[in-house]
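Please look at the sequence and the model first.

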Amino acid sequence: MLFGRKPKLEDFEAAALPHLNDLYRTARRVLMDPTEAEDLVQEAFLQAWKSFHRFELGTNCRAWLFKILFHVIQHHRRKMARFGTGFDDETIIENTLAYQAPVPEELRDEDFIAAMDKLPPAYREAVLLVDVEEFAYREVAEMVGIPVGTVMSRLSRGRALLRKELADQAAAYGIGNQETKEVRGKA
Amino acid sequence: MNVIRFENHQCRKVLKYLDAYIDNELTVETTQETLSHLETCADCKAALDDRLRVRAGLRNAVRRETAPPQLRENVRATLRRGSMAGRYWLSAASVLLAVGLIGFAVLRPWNNSPTIAKGPQTVTDNTLILTVGLNDHVHCTIEKDFAHKNLSNEQMAGLLGPDYAGLVPVIREKIGAGYEIAIGHRCKYQGREYIHFVLRKGDTAFSLVLTKKNGESFTRDPRLIALEASGVSLYQTNLQKHEVAAFETRDHLVYIVSEMPAAENLEVAARLALPVKEFIGRMEG
């Protein structure tokens with residue numbers, strides 16, 4: 001137990017609430033719905049408080065909260081029965097990744113967000129948790145409930161799709177085609 | 001148009017590792033191999049830079065989004081209620097909730113101080129600062145099992161980078177007879193970067209961990225100060241069956257973490273504290 005006695009709500013809030021922004025922005029991008037994200041973040045905090053007596057000092061409070069958040073999100077998806085991994089088009093993705101276009105230098109925040117939102121959900125989760133929230137592969141594997149190897153492959157493909165999407169967006173705006181180097185090869 | 005073709009076998013191999021490389025998830029040997037190749041191959045270096053740029057851009061963009069202002073109070077209200085209210089109930093009752101929370105703040109049935117930690121200012125916070133070093137030791141020394149490595153000074157210099165490579169001879173000179181450096185490298189855990197030395201005496205492995213401060217500073221607490229000498233205050237406590245000793249400089253936190261007896265852990269920390277502090281002091285200017 002964290003404090004060696006019956007946990008206090010004040011202690012829980014002091015440990016958990018500083019991570020509210022991190023949890024919300026992740027839920028927001030994973031679920032693509034701000035209202036749903038708010039609801040599930042609240043649910044995650046409630047679940048975390050109920051099991052706070054099992055939380056131990058020296059373990060990572062932020063990773064523990066993210067694990068609970070993903071448990072809540074997965075439960076919600078099962079309830080809604082509308083979550084697709086996007087893996088049906090695996091072959092299309094493989095073909096897409098065979099060609100790597102250059103990523104332009106000048107990109108805006110909204111370009112990154114738009115490209116991120118287009119990723120298949122499972123890839124988006126992996127990229128968010130590693131690239132934005134800076135969790136280790138092993139931590140992501142535990143949070144999402146998948147093997148480390150799957151984290152690595154989702155991350156690698158997610159990042160490659162992201163680079164392609166950014167390059168496509170830029171090409172559509174007419175940015176970066178002439179001066180940026182063309183990179184060929186399967187990265 | 002400049003076309004780069006990654007046809008070289010070594011390039012293909014390195015490109016396959018690049019994602020794990022930027023996440024610091026490769027073994028020491030593969031990291032070294034990748035690093036050596038990147039130093040000589042402009043194409044792979046360009047591919048690496050591309051990935052780093054996209055990662056940095058994405059991180060900045062997503063992190064700009066913050067939680068709606070009312071969410072924090074909604075969470076706190078949910079915690080006090082002990083159950084989730086439906087979304088529709090919440091929107092209908094949001095005004096009532098806000099009023100209720102104001103009343104709650106004034107008439108709290110238990111008279112406690114404000115609940116959100118403002119910074120590392122209490123004894124508990126000192127403990128949390130000590131936990132920062134423990135986390136890296138557990139994550140890197142124990143889970144990655146680096147204790148059996150035996151890297152040369154040159155190998156460690158490559159992994160540590162020019163700023164911290166000079167710590168290797170300092171540690172070798174001061175650590176004392178019977179102690180060895182298994183590895184010195186950079187690692188990352190929970191988004192925090194560390195300079196990490198795995199040290200060894202016989203079968204016992206322990207860590208010297210440095211990390212840049214992120215707003216932390218020890219609160220002076222005589223109960224946790226195990227030793228004070230030459231202007232260095234060494235804090236030590238037992239956390240999760242580990243002895244964690246630490247001191248701070250202007251910009252760094254420095255730890256010795258082990259499962260050795262408290263006296264031995266403190267002895268090693270005391271031997272290294274001053275020379276390491278002086279080294280960091282020169283760097284911090």
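In this predicted model, helix α6 (residues 109-117) of chain A packs against helix α3 (residues 42-63) of chain B at an angle of about 95 degrees. Angles of 65 to 115 degrees count as roughly perpendicular, and α6(A) and α3(B) are therefore roughly perpendicular to each other. Their axes lie 8 Å apart. On the α6(A) side the contact is made by A:D109, A:F112, A:I113 and A:M116; α3(B) contributes B:G57, B:L58, B:N60, B:A61 and B:V62. By class, six residues in the contact of α6(A) with α3(B) are nonpolar, two are polar and one is charged.

Chain B also holds an open sheet of seven strands, paired in the antiparallel sense, in the order β2-β3-β4-β8-β7-β6-β5. In chain B, β2 and β5 stand at the edges with a single partner strand each, so one side of each has no neighbour in the sheet. From one strand to the next the twist averages 20 degrees.

| Strand | Residues |
|---|---|
| β2 of chain B | 179-189 |
| β5 of chain B | 225-229 |
| β7 of chain B | 242-248 |
| β8 of chain B | 252-258 |

Strands β7 and β8 of chain B are joined by six bridges in an antiparallel pairing. B:A245 stands opposite B:I256 of β8(B).

Which helix packs on the sheet? Helix α10 (residues 262-284) of chain B does, touching β4, β5, β6, β7 and β8 of chain B. The direction of α10(B) makes about 140 degrees with that of β6(B).

Technical notes
Residues numbered from 1 in each chain as written. Chains lettered and ligands numbered in written order. Predicted model: local features only at pLDDT ≥ 70, side-chain atom pairs only at ≥ 80, totals over all residues. Pairing = 2+ DSSP bridges. Helix = DSSP H or I, 4+ residues; strand = E, 2+ residues; numbered from the N terminus. Axes fitted to C-alpha atoms, helices over the stretch in contact; angles between N-to-C directions. Contact = placed C-beta atoms within 7 Å. Parallel < 35°, antiparallel > 145°, perpendicular 65-115°, else oblique. Nonpolar A, V, L, I, M, F, W, Y, C, P; charged D, E, K, R; others polar.
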